[in-house]
Amino acid sequence: NEAALKYFLLGAFSSALLLYGFVWLFGITGTTDFADIAVALRRTGIASGPVIIALALITVGLGFKAAVVPFHQWTPDAYDGAPTPATAFMSVAPKAAAFAAIIQIYFGALQPLGADWSASLALLAAVTMSVGNIVALAQRNVKRMLAYSSIAHTGYILAAAAAFRAGDGAVAGVLFYVMAYGVMNLGAFASLLLLDTDGTRGATLVELSGFAKRQPLGALVFAVFLISLTGIPPTVGFFAKVFVLQPVLDAGMPWL
């Protein structure tokens, strides 16, 4: 269908951008080893056109993979159009892989350019958190609401990644949030299957009315996962947000 085609085309496009960025990086440094790339970039710095191009292409490519605003357009339609179990997988696995790549590439190979990419990631994180949460408020379909929620959570994780000056605290924040987000989102979509037994569509907010009477346990579990996604204590979502906000403060970015 149209959503699947959009997902396929944008996925191929983002992969091409990411690969092209890696090619530029290889052309600049002459190596694919992260440690050697870092040594080469420490000599060249950011004051080089090819380095800026490589950094921009890699950032855009990974931004598509992680659904960072403004590279998020595929997410709501793909989530809404796919079967609910597939949506649950798409909401967690690609995001976890994207942030694993971000940690390896930015904190490893691109670490000498940290002062430059940190500012870019921080700006993208702020926009992503804002757009994801605000647009989610206007949704009437639960799957689309969770799609924009997923975008907002990408912003939270990206904020920790931007706080590279916090060192291991930033990495720990990213990893813990990805783990917590995976549990919360898979649980929310699993609960949604109780409303959508054929697993092909997302329930509307109107259809949630009376859920507690029809499925008391399912409604309770769904509520707990939504509260956790919101970040209310004592759920894991609260501790996940603490783990990403602390390194942001430690890195001297209270505005974020």
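**View 1. Packing around helix 11.** The buried residues of helix 11 pack against helix 7 (142–162), helix 8 (168–195) and helix 10 (216–230). Contact means heavy atoms within 4.5 Å; buried means under 20% relative accessible area (1.4 Å probe, protein chains only). Helices are DSSP runs (H or I, at least four residues), numbered from the N terminus. This is a predicted model: local features need pLDDT of at least 70, side-chain atom pairs count only at pLDDT 80 or more, and totals for chains, interfaces and linings use all residues. Residues are numbered from 1 along each chain as its sequence is written, and side-chain values use heavy atoms, with hydrogens and water left out.

**View 2. The buried face of helix 11.** Gly-237, Ala-240, Lys-241, Val-244, Pro-247 and Val-248 are buried in helix 11. Seen down the helix 11 axis, the buried residues fall within an arc of 135° , so they line one face. The arc is taken over directions from the helix axis to the C-beta atoms. An α-helix has 3.6 residues a turn, so residues three or four places apart point the same way.

**View 3. The ends of helix 11.** Helix 11 covers residues 236–250, and its 15 residues should span 21 Å at 1.5 Å a residue. The expected span is 1.5 Å times one less than the number of residues. The end C-alpha atoms of helix 11 are 21 Å apart, which agrees. Just after helix 11, Gly-252 takes a positive phi of about 80°. Pro-234 sits in the loop between helix 10 and helix 11. The Pro-233 to Pro-234 peptide bond is cis, with omega near 5°.

Conventions. Helices (H or I, at least four residues) and strands (E, at least two) are DSSP runs, numbered from the N terminus. Buried means under 20% relative accessible area, exposed over 50%, partly exposed in between (1.4 Å probe, protein chains only).
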